[in-house]
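Here is a short briefing on one protein structure. Look at the sequence and the fold, then read on.

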Amino acid sequence: MSKQLQFKLVLLGESAVGKSSLVLRFVKDQFDDYRESTIGAAFLTQTVTLEDQTTVKFEIWDTAGQERYKSLAPMYYRNANCAVVVYDITQSASLEKARSWIRELQRQADPSIIIALCGNKADLSARRQVSEEEAKKYAEEEGLMWGETSAKSGEGVQEIFTAIAKKLPQNAPQSARAGGRGGPSGRAGVDLNKQAGAMTGQNEPCNC
Amino acid sequence: MDEEYDVIVLGTGLTECILSGLLSVEGKKVLHMDRNDYYGGDSASLNLTQLYRKFRPDQALPTDLGRDRDYAVDLIPKFIIASGELTRILVHTDVTRYLEFKQIAGSFVYRDGRISKVPSTEMEAVKSPLMGLFEKRRAKKFFEFLQNWKDDDPATHQGINLDKDSMATVYEKFGLEPGTQDFIGHAMALYLDDDYKTKPARPTYERIVLYTSSMARYGKSPYIYPLYGLGELPQSFARLSAIYGGTYMLDKSIDEIVTDDSGKFVGVRSGSETVKAKQVIGDPSYFGAGKSAESGKVRVVEEGKVIRAICFLKHPIPGTDDADSAQIIIPQNQVNRRNDIYIAMVSSTHNVCAKDVYVAIVSTIVETDRPEQEIAPGLQLLGPIYDKFVSVSSLYTPTSSGEADQIFITRSYDATSHFETVVDEVHNVWKRVVGKELVLKKREVEVEA
Ligand SMILES: Cc1cc2nc3c(=O)[nH]c(=O)nc-3n(C[C@@H](O)[C@H](O)[C@H](O)COP(=O)(O)OP(=O)(O)OC[C@H]3O[C@@H](n4cnc5c(N)ncnc54)[C@H](O)[C@@H]3O)c2cc1C
Ligand SMILES: Nc1nc2c(ncn2[C@@H]2O[C@H](COP(=O)(O)OP(=O)(O)OP(=O)(O)O)[C@@H](O)[C@H]2O)c(=O)[nH]1
Ligand SMILES: [Mg+2]
């Protein structure tokens, strides 16, 4: 049987650089010119199948309003296997913001986390403020993956996620949450949702 | 900060975060602030650095407790009762996707100088030393009575009226000994004192049913606990709020609650900026708790004190069969007190500390002016204590319902061992803020790719 792996991926970057648009393109192959700031959906999954038939399922966390004032919860980084830090190639300030997110990740996240720096809105290269060389050089110095994407045209999107999937350790201990039940330390967890159905109909009292 | 909000929420404790999450889902524009640079307020879980900063700012971290980042030490000891209301909210709001839970391995009760496991299976019950043979038979009759009770079938009532007869009357009818009453009232119905006995039996009946159905749900104890500590709970609801448009600002000093001439809420001042909103919700610490009332209105009053001792152990608690987690209840009668003493213990199984460390919190409602002596019977059960952080906290309650000035203050976290009163408080505040009952909408079941 082919291997199935599951990983938690977090998105970081300044507001409006296109984090949610990248996810939308990757997961649903759609694009929306007038996207509102992320509301209502920030937990999506998408699967990538590698050449050796290994399937890598990403559990994708989008930031949603907590990053604006640097108030992301530790829960957000917890057990993240990979992070995509996004900047907008037409806004040099957004690369500065990306650098500070990368420093934050290096401090807070698991040291083995795989970080990809992603220059989005490549379709707007006429208004480019961040050169490929500059971003690439920085990524190399910090040991990050790097690529340019356009959530609008779709260019580079599948490629960057597939590159991450390939780089993820294929025999890694699965993260507690992303790897499903079991957790890192022994005794299996309990699934509250499984009981949800039973609970609603649960009026018979003591069945101990 | 020149936007105007529907609601500003102050403090990221669990009560505030659940409210913030539910209000955002309801479509309200929420700004959620905290003076601390971490989530959770009084219900946070801290790493070692944060714990020492809070309790012993002048002391360096010990080197033999393992990695700082492995720690998530709860400030208030509570467990989630498996079939309780918090579980229902967790499931309905779908925040369970951010959390992972494990059982608490055992629930114990102190009786005549030693602790025994609260039986979780028939086998354990038969073997339990908590009751003699004849008392077990009487207890069995009592539990059968509760189990078979149907409101609309008088044949199951055996002459008892749950809404009129006191619990003492019910105990008497089944001839249960005082020790069994302690066990049922304190280890199962989870009452902190004996006041319930003189009151109608219905609430006690409901609590026993909640306990036994929770016990039956996962098998070992009626409790579950989130990996990485209780502090994950407020974080998960904060995320829910953020996903529905809530804005978060941590590490923000709250300098003034601004009101108009009539005393009605206008906004919150932080430094030189004032953010406006229609309503404010917050924990007592943002409304003058613990400060002298010389400046302005008295908005909260103290209604009691709780002592909590966070203890690091390097061994499981003796007599618990090396349980990796446990609750131990010392019923008040057993140690000549008015209020029970609780011990809540978790360990690396729940990803809250380094391997081979056990974190036990001993707590009770303060009855004297020497609170630390009051918890001695609990501390004694722990064996050698590696280190201990003791705090006495006041429990505050608001002086008004908040409807007049649109300032809604939540109550402090009480001494109960679970979150049921927190959920009551959420319902309570919701009703005052929104003007109608909180109805948890049915969860949309989403099939993921
Ligand atoms: C302190 C104590 C705690 C117990 N806790 C449990 C428990 O958590 N789960 C469990 O299955 N059995 C429990 N028992 C019940 C156990 O003693 C059984 O009643 C006994 O084994 C006989 O079972 P039965 O099948 O012949 O009776 P049945 O006629 O099947 O018993 C009727 C029902 O009442 C329940 N019951 C009876 N006595 C008690 C009791 N004292 N406490 C709780 N439930 C009771 C039984 O479990 C059963 O569901 C407990 C008994 C004691 C003394
Ligand atoms: N031209 C172009 N526009 C894009 C691209 N990606 C996103 N956008 C637009 O940029 C705007 C912001 O995109 P979002 O995906 O909402 O950005 P975000 O990073 O999720 O923003 P926040 O949720 O506020 O943090 C939207 O109007 C998108 O349509 C792209 O590749 N090219
Ligand atoms: Mg977004």
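Start with a glycine: Gly267(B) stands opposite Lys276(B) in β13(B). Gly267(B) is also the bridge partner, in β12(B), of Val258(B). This is a predicted model, in which local features need pLDDT of at least 70, side-chain atom pairs count only at pLDDT 80 or more, and totals for chains, interfaces and linings use all residues. Residues are numbered from 1 along each chain as its sequence is written, chains are lettered from A and ligands numbered from 1 in the order in which they are written, and side-chain values use heavy atoms, with hydrogens and water left out.

- Strand β12 (residues 265-270) of chain B pairs with strand β13 (residues 273-282) of chain B through four bridges, and the two run antiparallel. Two strands count as paired if DSSP finds at least two bridges between them.
- Helices (H or I, at least four residues) and strands (E, at least two) are DSSP runs, numbered from the N terminus.
- The hairpin of β12(B) and β13(B) has two residues between the strands. There, Gly271(B) takes a positive phi near 60°.
- Four bridges also join β12(B) to strand β11 (residues 256-259) of chain B, again antiparallel.
- The hairpin of β11(B) and β12(B) has five residues between the strands, and Gly263(B) has a positive phi near 90°.
- Strands of a sheet pair through backbone hydrogen bonds, either parallel or antiparallel.

**A seven-strand sheet in chain B**

- In what order do the strands of the open sheet in chain B lie? The order is β8-β7-β15-β16-β17-β14-β18, with mixed pairing.
- β8 (114-117) and β18 (387-398) of chain B stand at the edges. Each has a single partner strand, so one side of each is left without a neighbour in the sheet.
- From one strand to the next, the twist averages 25°. Angles run from 0 to 180 degrees between N-to-C directions; axes are lines fitted to C-alpha atoms, for helices over the stretch in contact.
- Within the sheet, β16(B) and strand β17 (residues 358-365) of chain B run antiparallel, joined by seven bridges. Tyr342(B) stands opposite Ser363(B) in β17(B).
- Helix α2 (residues 48-55) of chain B packs on the sheet. This helix touches β14 (300-313) and β18 of chain B, and its direction makes about 70° with that of β18(B). Contact means heavy atoms within 4.5 Å.
- α7(B) lies across β7 (106-111) and β15 of chain B, at about 145° to β7(B).

**Chain A at a glance**

- Chain A has six helices and six strands. From the N terminus, they run β-α-β-β-α-β-α-β-α-β-α-α.
- Chain A has 208 residues, and 51% of them count as buried. Buried means under 20% relative accessible area, exposed over 50%, and partly exposed in between (1.4 Å probe, protein chains only).
- Among contacts in chain A with a separation of 6 or more, 70% are between residues 24 or more positions apart.

**Salt bridges**

- The whole structure holds 35 salt bridges over all chains. A salt bridge is a side-chain nitrogen of Lys or Arg within 4 Å of a carboxyl oxygen of Asp or Glu.
- Arg107(A) and Glu104(A) form one (3.1 Å, N to O). They sit three residues apart in helix α3 (residues 92-108) of chain A, so about one helical turn separates them. Arg107(A) is exposed at 61%, whereas Glu104(A) is buried at 12%.
- Arg128(A) pairs with Glu148(A), with the closest N and O atoms 2.8 Å apart. This pair links distant parts of the chain, 20 residues apart: Arg128(A) is in the loop between β5 (114-120) and α4 (132-142) of chain A, and Glu148(A) is in strand β6 (residues 145-148) of chain A.
- Arg128(A) is partly exposed at 28%, while Glu148(A) is buried at 15%.

**Cysteines**

- How many disulfides are there over all chains? The count is zero. A disulfide is a pair of cysteine sulfur atoms within 2.5 Å.
- Cys311(B) is in no disulfide, and the nearest cysteine sulfur, that of Cys353(B), is 13 Å away. Cys311(B) is buried, at 0% relative accessibility.
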